[in-house]
Structures are given as C-alpha cells and as structure tokens.
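Trainee: Could we go through this model together? I would like to start with the helices and then move on to strands and ligands.
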Amino acid sequence: MTQLALVIDLNVCVGCHACVTSCKEWNTSGWAGPLVDQNPYEGSPTGTFFNRVQTFEIGTFPNTETLHFPKSCLHCEEPPCVPVCPTGASYKRADNGVVLVDYDKCIGCKYCSWACPYGARELDAQQQVMKKCTLCIDRITDAKLSERDRKPSCVLACPASARLFGDVHDPDSEVSIAIRERGGYQLMPEWGTQPSNHYLPRQKMRLHIDPEELTRVDNPLRREDLTDYTGEETLDDVAW
Amino acid sequence: MHPAFSVIFLTTLIGAGQGLYLAMVTGQLYAIARFLPAQTDQFYAIGSLVALALLIAGLGASFFHLGRPERGWRAAAMWRTSWLSREVIILPLVMTLVFAYGVAHWFGWTQPLFQVGAALQVDLTLLLGVLGTVASLALFICTAMIYAAVRFIQEWHTPLTVSNFLFFGAASGFMLAAAYSAYIGNPLVTFYGTWAVILTLIALASRLAHLRRNVRLKYKSTVQTAIGVRHATVIQKAQGATGGSFNTREFFHGRSPVLVKQLRMIYIVLVFPLPVLLIGLSYLIGSSSLPITAFFIQFAGLLIERWSFFAEARHPQNLYYQSVA
Ligand code: SF4
Ligand code: SF4
C-alpha cells in the first residue's frame, strides 16, 4: 500500500515561508479553495493556511540555536481525526493514504480539530468547513502533469530543498532512504498516531582538530637542514 | 479550550431536560409501587412537556455550534465510530419518547396492556417511560463521551467526565421537578427535593474527584515531543501568523487564570451547597418559592461549571501556539 508523505529537513530549512505562500496560492485557487484571508493588510491579518512555518529558539543566550519548523497535516497512518467525524466528511484515501475532507459533507462541527493533537486542521471562517493540507491532491494525482511537476506545491517552491515528497512505504523511495539514513522522526510519538510525515533532525557539522595537527609534520618551511654553507657547490647548483 | 456558548447551553439544557424526564418516570414508578400517592396524568404530561421544551432548546443551541447547520442531518452517518454521531441519533429518539410519554399521559392511555407477575399492570405510559429512561441514560453517555473520548485532552479523558454529566443533569432535573411540584403546590416536592439533594451530593463527589485528578495530571506531550528536539529550554518565537488563527481562537479561552479560578469557586458554591441549603430551608419553613430559586441558582452554577470544564482543558496543539512575537 502506498502512503504518500513529506519529509522535512530541519537541517536546511531557512524559514523563508516560500512553502507557505506557494501552498496558499495553489490551494486557494484549486480544489480546496478558496482559503479565506481576513484583514490581509490590517493590523491583525488572519486566515486559513494548510502549512505554517514556526520558529523556536533552543537553549539560553548566547548558546542558542534557531529552529524553523514547517508544520502541516502529517497524514497520520492511524488518523485520530477520521473516526470522530460524525458525517464521514473526513477520510483517509485507501490508494495513497492522504487524509482529506469532503467539503460538501462537512458540517463544520470542529470535532476533528479537537481530535488532532498537532493543530493541523483549521475551520475556514468563510466557507465554514474544515480545511487542512491535502498534499496538493489535485496536483499529485493529475496525470497530465509531468513527473517533475506532480508534487505538492510546497515541495516545488522550497529553495533549500528542505521538503522531500514520496511514498514512505516503499523502502527504496527517496523519503524512506532519508528517514532511514538521516534519523527521520515523527512528532508526538506518544499518541500512537503514526504520522506519515517525518522530520530530519538538525545536524551540527563539527570538525575535530587535534592540537598536534596545527603543526604540520611535513612543513616545507620548517628548518631542518642544519649544515653551515661556505660557498661550495651544493646539490641545488647541479640539479634544476 | 474555548468555551462555546452553544455547547454550554446544549449540554446543560438537555441535561436538565433528561433529568426532569427521569424524575417524572421515577415519580410514576414510586406511585406504582405505592410508595407515593398516585398523581394525575396531567402532572406527568406537563412535566414531560417541560422536559421536551428543554431538549428542544438544547438542540436549538447546538445548531449555533455548526458552521453549516443546514447539513446537520448528515451527522447521523458515522454512528459506528463517532460519539457525536451517536448523540445526534439518540437526541431525537429521546425527544420522541419524551413527547410520546407526555402525550400518552395527557390522553390518559393508561389501560393495562399486559401484566407482569401478580401485581404489575404494564400500560403504555410505563412502557414508554422505561424505554425513554434507557434512551435518556444512553444520551447522557453519548454526550459525555464526546468529550471523554478525546484522548488528547487529558482533563476530559476520564470516566469522571461521564459521571459528572450524568449526575449534574440528573440533579438539575430533579431540582426542576421539585421546583415544578412546589410551583403547583404538589406534595411531591419533598420527594423530588430529597432526590435532588442526593444527586447533587453525588455530583459534588464526582466533580471534586475530577478536579483533584486534573490537578495531578501529567501531560504526555511537551514542546520537546511536539517538535522533536531534546533540550530543556525550547521557546517559541513565532507561530507562523501574527493575527491569530483558528488554532488560537478554538483552543484558548483567552481569560486570566485568576478569573478561571474565581469562576471555579463560584460554581462550586452555586451548584452544591446553596441549592441544598435552600431545599433544606424550604422543608423547614414550608416555602414554595425556595425550591424554584434553588433550581435557578443551580442551573446558573451549571452554566459556569460547563464554561470551566472547557476552560480547564489544555489541548496539546497549544504547544505549537505559545507565542506570536
Ligand atoms: S496530523 Fe492531525 S489532521 Fe492530519 S492526519 Fe494526523 S491527526 Fe489528522
Ligand atoms: S468539522 Fe467537518 S470534517 Fe471535522 S468532524 Fe465535523 S463534519 Fe467532520
């Protein structure tokens, strides 16, 4: 069975929000749209977003590190948001594991949002139905698009290539290899929701330099020749 | 969690309605067993119509909770997995049975249909009363399980949520039955008042146990598990929106902790000791207005209690929405 998912590389995410804007642009004009924007140019803009980039600071100054953390629906393998939906509007697609909302059935009761520990679902203030990341279902299932374009909008937009997309059930996929070889992890594993999306941890590049290495053993400038020369011919005079 | 008035009124109104209906059926059962003098059919009929009115008011309030109320009927679809769906099915069922019970009494359809054992004459009202009682209890469970079944909200995820809903509803319903009897000058006021006091005390025990449990709660999720970083100091600097979002509106009550604490003290006084004292006092001085006051005070307290129930609950998603700066 296929389980499509994102793998987000926190090591290279620079927090530019390109994924946020491209997600909003694609989805507000696509199948899931419109995604409301309220007071976009006023003091407190708000609206529906499928994907948000948050920022955390780890440690205490001056030993701090900034973590940019993109967050969207994780398309859980055991989605707790699905069984609680009274109408059946929330469902998990059997063919590719994407968790979706049928906007024609949703009554806007918000119960599913209570049942998602990640806060991945947002009620659209205009349409009054529940919305969340669709993994750009209208792109990734569109056979008319080229292989290269058949990816979620955020993945294509990321300038740092921090977002990988693929089938996490296929052990040879790019995402599975990344999870396996680079310590990919799930959010809030304590709830047993089995998120399909994974995160690749930050990795500090550290170079260990031994003090001895600071003095090169084969330093050409090191004075080794201790002979005192008095004008006689040396090897340098005959060989060139 | 953000306390929504629609849900506060829904749960308290239908709780009182179900409780009043249970009180009517209990009264009838006691009368059949000759522990109480038999009442006129009109007494039960009007009582159950008041209960029906409360149920209808609660249902009306619930529609304000929905983004798309016109599609509300769809909510009956997933009863196999969703407690919300189960509630949506059982609520109209209870309403129908309460209505039928009232109508059967109103028109005096009390000819025995069959006999159980030597003495028990089963008529239509008794049959409907028993069915309605079972349905009412099921509705209490469904309503409470909507909250108790959300395992992420650890404050709610306990059987005490169910016992709270059950005993609060029953207590306010019996209190209303006492008020109703007092209003029409029926001697049953002592009977209902006594039951109301007993149920109120059980509700008190249940709610105090719930509060005590929640004080000691250990939260499963931390900001460390939320973002997967092992460090003691992780502080959120931005949540991806400056003007708030659905996540900040739905999952935070936005009031000061002091207010939450004060309201808790207020409802504990309004729901428990005050009505009990008023009922006791009404026995002593034979007042007919005190039971009515007791009901309204307790109901006001229950509205605050339900507000607190939401405000106390901390959703793990809040870990992602701690700071805007
Ligand atoms: S992240 Fe939340 S909304 Fe998405 S599948 Fe998991 S529980 Fe459901
Ligand atoms: S808000 Fe919509 S999708 Fe969510 S539980 Fe209610 S009906 Fe289902």
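Trainee: How many of the 26 residues of helix 5 of chain B are buried?
Mentor: In helix 5 of chain B, 20 of the 26 residues are buried, so this helix is largely enclosed by the rest of the structure. Buried means under 20% relative accessible area, exposed over 50%, and partly exposed in between, with a 1.4 Å probe and protein chains only. Helices (H or I, at least four residues) and strands (E, at least two) are DSSP runs, numbered from the N terminus.
Mentor: Keep in mind that this is a predicted model, in which local features need pLDDT of at least 70 and side-chain atom pairs count only at pLDDT 80 or more, while totals for chains, interfaces and linings use all residues. Residues are numbered from 1 along each chain as its sequence is written, chains are lettered from A and ligands numbered from 1 in the order in which they are written, and side-chain values use heavy atoms, with hydrogens and water left out.
Trainee: And what sits at the start of helix 5 of chain B, and just after it?
Mentor: At the start, a side-chain oxygen of B:Thr158 reaches to within 2.9 Å of the backbone nitrogen of B:Leu160. Just after the helix, B:Gly185 takes a positive phi of about 70 degrees.
Trainee: Switching to strands, is strand 4 of chain A buried or exposed?
Mentor: Strand 4 of chain A, residues 51-58, is mostly covered, with 7 of its 8 residues buried.
Trainee: Which strands does strand 4 of chain A pair with?
Mentor: Within chain A, strand 4 pairs with strand 5 (residues 65-72) in the antiparallel sense over 8 bridges, and A:Thr55 stands opposite A:His68 there. Two strands pair if DSSP finds at least two bridges between them.
Trainee: What about the hairpin of strand 4 and strand 5 of chain A?
Mentor: That hairpin has 6 residues between the strands, and A:Gly59 takes a positive phi near 95 degrees in it.
Trainee: New topic: which residues come nearest to ligand 1 and to ligand 2?
Mentor: Of the 13 residues around ligand 1, A:Cys73, A:Leu74, A:Cys76, A:Cys81 and A:Cys116 come nearest. For ligand 2, also with 13 residues around it, they are A:Cys85, A:Cys106, A:Cys109, A:Lys110 and A:Cys112. A residue is near a molecule if one of its heavy atoms lies within 4 Å of it.

Definitions and conventions. Polar contact = N/O pair within 3.5 Å; in protein donor to acceptor, adjacent residues only side chain to side chain.
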